Amino acid sequence: MAGTTLVDYLAYSSLWRSFNQNERPQALLEVMNKFRGLIGIGAATLVLSGIGMMILTKGVFGEQLWFRIKFGLVVLIILNGLLVGRRQGTKLRRALAIGGLVFTDEIQHIKSRLGRFHLLQLLLFLLIIFLSAFKFN
C-alpha cells in the first residue's frame with residue numbers, strides 16, 4: 001500500500017508537469033484510474049496481515065502500546081484514503097471531464113489538497129515503519 005501510494009504521488013506529479021508543459025495527459029489519467037484498485041488491495045492486505053499477526057501471536061502484540069498505535073495509524077491511513085484521497089481524485093476526474101484538460105483554479109485547489117493528502121499518507125507510513133522497527137512497550 002505504501003508503494004502504491006508513492007507511485008500514485010509520482011503519477012500526480014507527472015500529471016501536474018504535463019499541465020505546465022501544455023501536454024495532453026489522457027494516457028496518464030487512464031493509468032492512474034487503475035491505481036485505485038491496487039490501493040484497495042494493499043489496504044486489505046495490510047489489515048489482514050495485522051489480523052494474522054494477532055492470530056499467530058495469540059494476541060500478545062495487541063497488548064503492546066506500539067501495536068495499538070500502529071493499528072490506529074493504519075485506520076487513519078485507510079480513512080484518509082477514503083475520505084480525502086478518493087474524494088479529491090473523483091473531483092479532479094469530474095473537473096477534467098467537464099472543463100477539458102485545462103488547468104483551472106478548481107484544479108489548482110484540488111492539486112493542493114492532493115499534495116497534502118500524499119504528504120500525510122507518506123508520513124503515516126513512515127511512522128508505521130518506525131514503530132515496526134523500534135518496538136516499545
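The lining of the largest pocket draws at least two residues from each of α1 (2-20), α2 (26-56), α3 and α4 (105-133). The model is predicted, so local features need pLDDT of at least 70 and side-chain atom pairs count only at pLDDT 80 or more, whereas totals for chains, interfaces and linings use all residues. Residues are numbered from 1 along each chain as its sequence is written, and side-chain values use heavy atoms, with hydrogens and water left out.

**Overall architecture**
- The pattern along the sequence is α-α-α-α.
- The C-alpha trace spans about 55 × 20 × 20 Å along its principal axes.
- Of the 137 residues, 33% count as buried (under 20% relative accessible area; exposed is over 50%, partly exposed in between; 1.4 Å probe, protein chains only).

**Largest pocket**
- The volume of the largest pocket is about 350 Å³. A pocket is an open set of points on a 1 Å grid over the protein atoms alone, where a 1.4 Å probe fits, with protein on both sides within 12 Å along at least five of seven lines.
- Its lining holds 22 residues, and R36, I39, G81, G85 and R86 lie nearest the centre; lining residues have an atom within 4 Å of a point.
- Helix α3 gives the most to this lining, with eight residues.
- By class, the lining comprises eleven nonpolar, seven polar and four charged residues, with Gly counted as polar.

**Surface patch**
- F71, V75, L79, L82 and L83 form a nonpolar surface patch with about 450 Å² of accessible area together. Patch members have over 30% relative accessible area and no salt bridge, and nonpolar side chains are joined within 5 Å.
- V75 belongs to helix α3 (residues 65-99) and counts as partly exposed because its relative accessibility is 36%.

**Salt bridge**
- The structure holds one salt bridge, defined as a side-chain nitrogen of Lys or Arg within 4 Å of a carboxyl oxygen of Asp or Glu.
- E63 and R68 form a salt bridge, their closest N and O atoms being 3.6 Å apart.
- E63 is exposed, because its relative accessible area is 60%.

**Backbone geometry**
- K58, although not a glycine, has a positive phi of about 55 degrees.
- Most residues other than glycine have a negative phi.
- K58 lies in the loop between α2 and α3 and counts as exposed because its relative accessibility is 75%.

How values were computed. Patches are made of residues with over 30% relative accessible area and no salt bridge: like charges are joined within 9 Å, nonpolar side chains (Val, Leu, Ile, Met, Phe, Trp, Tyr) within 5 Å. Accessible areas come from the Shrake-Rupley method with a 1.4 Å probe; for residues, only the protein chains shown count as cover. Helices (H or I, at least four residues) and strands (E, at least two) are DSSP runs, numbered from the N terminus. Grid points are joined across faces, edges and corners, and a volume is the space filled by probe spheres set on the points.
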